[in-house]
Amino acid sequence: MTYWCERAWLPDGIADAVAIEVSDGRITSVTAGAPRGGDVLSGLTLPGFANGHSHAFHRALRGRTHHERGTFWTWRERMYALASRLDPGTYYRLARGVYAEMVLGGYTSVGEFHYLHHAPGGKPYADPNAMGEALRQAAADAGIRLTLLDTCYLAGGIGVEPDEVQRRFSDGSASAWAERVASLKEDDLFRVGAAIHSVRAVPADQLSLVDSARVVHIHLSEQRAENEQCLAAYGCTPTELLHSRGALTERLVAVHATHLTRLDIERLGAARARACFCPTTERDLGDGIGPARALRDAGVRLSVGSDSNAVVDAFEETRALELDDRLASEERGRFSAEELLEAGTDHAAVGWPEVGALAEGQGADFVTVGLDSVRTAGIEPSGVVFAASGADVRHVVVAGREVVRDGSHLLIERPETLLAKEIEALWQS
């Protein structure tokens, strides 16, 4: 299969008239200045974006958590109420729409931070991974790569037993968590990683037991209260606790990484760890602005995620690294367009190191953006990361398969109707 791109963002810059040959889900050749032919993609074609951190079920909270001016506690109460209503069937139907929205917004892979494991009260389903399997099938239907970041969640806080809702999240111990996860089987578009919910939810003596051959994610220093609780219990920051327990490695992805000390940043950089920023959710929850530029300068590799899915737009999430850092530093030019694209397309952060560039041998994931909308008309092509939105995505190819054509999802008809139906049913149940 040959795709002819009017323009394409290649590893060494933007080129015109680029032919991309694809076979068996991989790019076999890339030729700039090629004669027009094959499947023509008008606009600018970029590598597919990677959604490094998602809670799919949070999508049903969008626009429904702003009562009493929308405090964190009203949000948390609604989130727990929602979590108590989901089962494998409802989760599958909701997630189909969520993942379809992600593809339409420019993402070709997603890391699902999955902790909604068991039935209400904590009783395992007949298939202990029924909820994870629902997510796998939903992602397959939507045509997106999925890494199930199966999450170990054992406590309701440091030294606190899980409450009624949180029992659904817990396997009782890290060894029981690992035993359940071991039965998950990967396939061409489905991989399995691991996650530690937080240092609040996994006791210190079990942190090192949560492991994966691919990646290990953790909510890290998202809020100041987390740091205060960790200091009170262990006498150190969450990052220092991970370091002392041997859990701070190059496979670790620190999600949010908002409230870090200078030593925390140095530790993460020395370990060659990653940090996944989720700017639209961090804004929505009032978490704060993390030290993105300082982390990058220390050697930490950056990625982005949609987290609560209050916004699903790969461009909005990616440019926010620059825009939020401008607010924190009161300076412009914190990141180059190339650095932003690198962060936005870091599929290795969710266990797909062979994806993320328009180059021979890479996975055939790419997104074509129109340069003729009211948002993108007249821009320089490299300015697309600052000007475009998910609404400008025209075509999406995942593993060589066309999933979006002319702004329409080819595998799921009218995802917006599906989402409206499922979300309304959840809140009326």
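Are Phe57 and Tyr91 buried or exposed? I looked this up, and both Phe57 and Tyr91 are buried (buried means under 20% relative accessible area, exposed over 50%, partly exposed in between, with a 1.4 Å probe and protein chains only).

**Entry 1: ground rules.** I am working with a predicted model, in which local features need pLDDT of at least 70 and side-chain atom pairs count only at pLDDT 80 or more, while totals for chains, interfaces and linings use all residues. Residues are numbered from 1 along each chain as its sequence is written, and side-chain values use heavy atoms, with hydrogens and water left out.

**Entry 2: the chain as a whole.** I noted 13 helices and 16 strands in the protein chain (DSSP runs numbered from the N terminus: helices are H or I with at least four residues, strands are E with at least two). The radius of gyration is 21 Å, close to the 22 Å of the globule rule for 429 residues, so the chain is as compact as a globular protein of that length (the radius is taken over C-alpha atoms, and the rule is 2.2 Å times the number of residues to the power 0.38). The C-alpha trace spans about 65 × 45 × 45 Å along its principal axes. Of the 429 residues, 59% count as buried. Among contacts with a separation of 6 or more, 72% are between residues 24 or more positions apart (contact means heavy atoms within 4.5 Å).

**Entry 3: aromatic pairs.** I found a count of 8 aromatic pairs (rings of Phe, Tyr and Trp, the last by its six-membered ring, pair if their centres lie within 6.5 Å; planes under 30 degrees apart count as stacked, over 60 as edge-to-face and the rest as tilted). Phe57 and Tyr91 are edge-to-face because their ring centres are 6.3 Å apart and their planes stand at 80°. This pair links distant parts of the chain, 34 residues apart: Phe57 is in the loop between β5 (49-54) and α1 (72-83), and Tyr91 is in helix α2 (residues 88-104).

Tyr153 and Phe169 also form an edge-to-face pair, with 4.9 Å centre to centre and 65° between the planes. Both lie in the loop between β7 (145-152) and α4 (174-181), so the pair ties together parts 16 residues apart in sequence. Tyr153 counts as buried at 6% relative accessibility, and Phe169 counts as buried at 0%. One aromatic cluster is formed by Phe57, Tyr80, Tyr91, Tyr115, Tyr153 and Phe169.

**Entry 4: charges over rings.** I then looked at arginines. The charged end of Arg78 sits over the ring of Trp427, 4.2 Å from its centre (this needs NZ of Lys or CZ of Arg within 6 Å of the ring centre and within 35 degrees of the ring normal). Arg136 lies over the face of Phe190, 4.0 Å from the ring centre.

**Entry 5: strand β13 and its sheet.** Which way do the side chains of β13 point? Phe366 and Thr368 point one way from strand β13 (residues 366-369), Val367 and Val369 point the other way, and all are buried. Strand β4 (residues 39-47) runs antiparallel to β13, joined by 4 bridges (two strands pair if DSSP finds at least two bridges between them). Pro47 stands opposite Phe366. Strand β14 (residues 393-398) is also antiparallel to β13, with 4 bridges, and Val393 in β14 is the bridge partner of Val369. I traced an open sheet of 8 strands with mixed pairing, in the order β3-β2-β1-β4-β13-β14-β15-β16. Its edge strands, β3 (26-31) and β16 (408-409), each pair on one side only.
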